[in-house]
Amino acid sequence: MSDHVERMPTTRVPVNGISPLVIVCGNPFRAEAIAGKLDDAEEIAYSREYRTFNGTYKGTKVTVSSHGIGTPGAAVSFEELIRAGANVIIRVGTAGSYTEDLQPGSIIVADSAVRTDGLTKQMVPDGVPAVGDFQVVQALNKAADDKGVTFGTGMVVTLDAFYAGPVEFPHKLYKDSGALGAEMEISALYTIARLRGVQAGGIVALDGFAYDDMTHYNPHKDFVSKAIDDEIHIALEALVSIAE
Ligand SMILES: O=P(O)(O)O[C@H]1O[C@H](CO)[C@@H](O)[C@H]1O
Ligand SMILES: O=c1cc[nH]c(=O)[nH]1
């Protein structure tokens with residue numbers, strides 16, 4: 001977009017042109033779908049995998065932005081959104097379940113993430129936990145309760161690799177250590193939010209079991225779409241409750 005607005009270098013998000021309350025998601029098409037639930041939605045930037053909209057939900061100004069797949073690219077999104085004015089960021093994503101108690105189609109509110117990713121290793125020492133903001137996690141729990149969905153609250157694992165090579169994924173290790181599911185960005189969001197002094201939370205819709213053979217991965221089933229729709233609603237309600 002070639003206007004005279006000051007913009008962040010990679011995401012092209014306008015500096016001071018976003019809401020302090022932000023929803024992020026991997027897929028640019030999901031960002032568009034979330035924007036479709038807002039009043040007066042307007043696309044304000046689209047650069048690489050980063051597509052950003054402003055709009056209002058129940059009278060509260062909200063920004064929605066996509067961050068792509070994986071922590072390095074997502075970290076650029078989180079850093080630039082924070083520099084542009086974000087104070088609260090909620091990731092609305094998908095994940096694979098680790099437990100029969102949370103079947104595909106249900107939801108996890110992530111209070112924390114295991115940092116198996118490479119990005120945060122280059123930012124903070126090993127042993128520093130990736131923890132969500134308590135107020136944001138509580139707001140997500142309350143909104144999920146109010147919505148009446150099946151959900152669990154707990155730890156997710158953030159991985160870099162999606163399709164496995166000859167090295168076995170550490171799914172059993174992390175499942176046995178108490179993780180509820182696996183995804184690819186929350187550790188970066190929580191680490192960066194703590195470093196930069198903003199609040200973050202994450203909610204993920206389960207599209208299968210993380211330890212299944214990914215050659216059968218299909219996130220396009222109706223029950224996944226329904227869970228994504230539910231978590232979008234939950235995240236928007238949580239943001240509004242935090243704004244009150
Ligand atoms: O649905 P999103 O938000 O992209 O989240 C999950 O889906 C992608 C993998 O297919 C990874 O980004 C993972 O974290
Ligand atoms: O990273 C992801 C995202 C969705 N489903 C998975 O199994 N893994």
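User: Which residue stands opposite Ile23 in strand 5?

Analyst: Ile23 stands opposite Ile90 in strand 5. This is a predicted model, in which local features need pLDDT of at least 70, side-chain atom pairs count only at pLDDT 80 or more, and totals for chains, interfaces and linings use all residues. Residues are numbered from 1 along each chain as its sequence is written, while chains are lettered from A and ligands numbered from 1 in the order in which they are written.

User: In what sense do strand 1 and strand 5 pair?

Analyst: Strand 1 (residues 21-25) pairs with strand 5 in the parallel sense, over 4 bridges. Strands are DSSP runs (E, at least two residues), as helices are (H or I, at least four), numbered from the N terminus. Two strands pair if DSSP finds at least two bridges between them.

User: How many bridges join strand 5 and strand 10?

Analyst: Strand 5 and strand 10 (residues 199-209) pair over 9 bridges, in the parallel sense. Ala95 stands opposite Leu206 in strand 10.

User: And what about strand 9?

Analyst: Strand 9 (residues 181-183) pairs with strand 5 in the antiparallel sense over 2 bridges. There, Gly181 is the bridge partner of Ser97.

User: Why is strand 5 described as largely enclosed?

Analyst: In strand 5 (residues 88-97), 10 of the 10 residues are buried, so the strand is largely enclosed by the rest of the structure. A residue is buried if 20 or more other C-beta atoms lie within 10 Å of its own, exposed if 12 or fewer, and partly exposed in between, with C-beta atoms placed from the backbone.

User: Changing topic, which residues of helix 6 are buried?

Analyst: Among them are Ala227, Ile228 and Asp230.
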